[in-house]
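Have the sequence and the coordinates open as you read.

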Amino acid sequence: MIISVIGAGVLGLAYAASFARGGHQVYCTDMDEEIVNAVKEGEFPGYESGLERVVAEAEATGNLEFTGHLRKVIKEAEVIFITCEVPEDDAHMPSLRFVKAIAQSIGSQMEEPKIVVLKTSVPPGSSVVIEETIQKALDAREVDIHFDVVSSPSFAKAGSFLKDIERPRFVAIGADNEEAREKVRNLYRETGIVMNKIIDASPAEVEMADYAISGLVAVKTAYINELAMLCEKLDIDVDMTTRIMGKDSRISPQLMDPGPGYGGSILPKTARAMVRIAEEADETAEVLKGAITANECQKQKCVAKVESIMDGVGGKTIGILGLAPDFGTDDLREAPSLDIIRGLVEKEACLRIYNPDGYQQAKWRLFKEKDAITFCDDIYEAAEGADALVVLTKWPNTRATDENLLKEKMKGEILIDLQNLFVKRKEVKQLFKYYGLGMH
């Protein structure tokens, strides 16, 4: 089958490579031709663990082609996947301007029947908007060509896109036309995507579920983080508390680890969008509003925690371990680490930062704070002369650190673990003055 993927971001590249490795002919493009040219030169729009390797493997088969010729991509494909970004407007509502621009191009240039699959996260009702946009372009040309719009979001998590694509927890296909639904189902199956749990629904139901899942993740994450802070005040171990909670059949043991707050490119903006969608429908979303407020407070509490443990941070050096909210990605959009770093710099701390996947985003996102920051090549350089270390990301390679060498590099002996990454490491607790999150 000939497939087109429009949107050459990390999500689009991951799907394009997966389809190509599954034996399909895949064209991948973007409305911004500069992005396509950069990808051709090996410059990806972001880091995702394993992505460069699978893209290279897919290109080597001859099944994956990156092209700036949008007309060719639209004309030749039987199925077109839209994977572009859905930004947030000033009112915290999802803006479909990029998706609609692609839909308009499809309607203006298609010559044969198409299936258009919305793979990116879009708000409920988006499939109707895209269908109307394509139809309007066809009407302007005075042609009658059949097409179907299917909503089938990835439900993939940053840092594990490839694994979540090829072995998804479930697959949801939102379609009004059963023939289109079956074609998308067969495409997934032929590609090698594990189809253990397939959910058939309407496009709007799938879109609502996608946004509702993000909202519930935000609520659960915010609650566990608040619980951790309460456990600290009451001298109770949050790890044991959440372990017991997870045994209850009504409560999944997933998302039970406290941290400095949720972040990323999807979750925060989707949570805000759900609040606005509710308000526009003359409903309230008080629980979700509370979670959003709690998440902002959590970052402030983490700054206060560091300041309290260190008896003030002014003029002191702090080693920061990790930046991205999810390991396996360098995406720093709305990362809690950024707010915590800004809070510490505001209190006149000097920071030595180590991030396993580089600083391309960090350097411009933290430009105003640059005079107080040193970006380091490894974890030991970040510890050099530090009065304290603060763990902000749950990177596995951080856990594999030589704690003795780390301690030797430091000036002080404080380790503040805001991810509880080292909570079970007795050696760490023996060497450092160790402070976890929600630990007595």
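**Cavities and their linings**

α11 (267–280) and α12 (286–309) each give at least two residues to the lining of the second largest cavity. Helices here are DSSP runs of H or I with at least four residues, strands are runs of E with at least two, and both are numbered from the N terminus. α12 supplies the largest share, 4 residues. The lining consists of Y262, P268, R272, I292, N295, E296, K299 and E334. By class, that is 3 nonpolar, 1 polar and 4 charged residues. Nonpolar means Ala, Val, Leu, Ile, Met, Phe, Trp, Tyr, Cys and Pro; charged means Asp, Glu, Lys and Arg; the others, Gly among them, are polar.

The model is predicted: local features need pLDDT of at least 70 and side-chain atom pairs count only at pLDDT 80 or more, while totals for chains, interfaces and linings use all residues. Residues are numbered from 1 along each chain as its sequence is written, and side-chain values use heavy atoms, without hydrogens and water.

A cavity is a set of points, on a 1 Å grid over the protein atoms alone, where a 1.4 Å probe fits but cannot get out; lining residues have an atom within 4 Å of a point. Points join across faces, edges and corners, and a volume is the space filled by probe spheres set on them. The count comes to 6 cavities of 30 Å³ or more.

The largest cavity has a volume of about 90 Å³. Its lining has 13 residues, and Y15, K119, S154, P168 and V171 are the closest to its centre. α7 (161–166) and β7 (171–174) are the elements that give two or more residues to this lining. Its classes are 9 nonpolar, 2 polar and 2 charged residues.

Conventions
1 Å grid on protein atoms, 1.4 Å probe; cavity = no way out; pocket = protein on both sides within 12 Å on 5 of 7 lines; lining within 4 Å.
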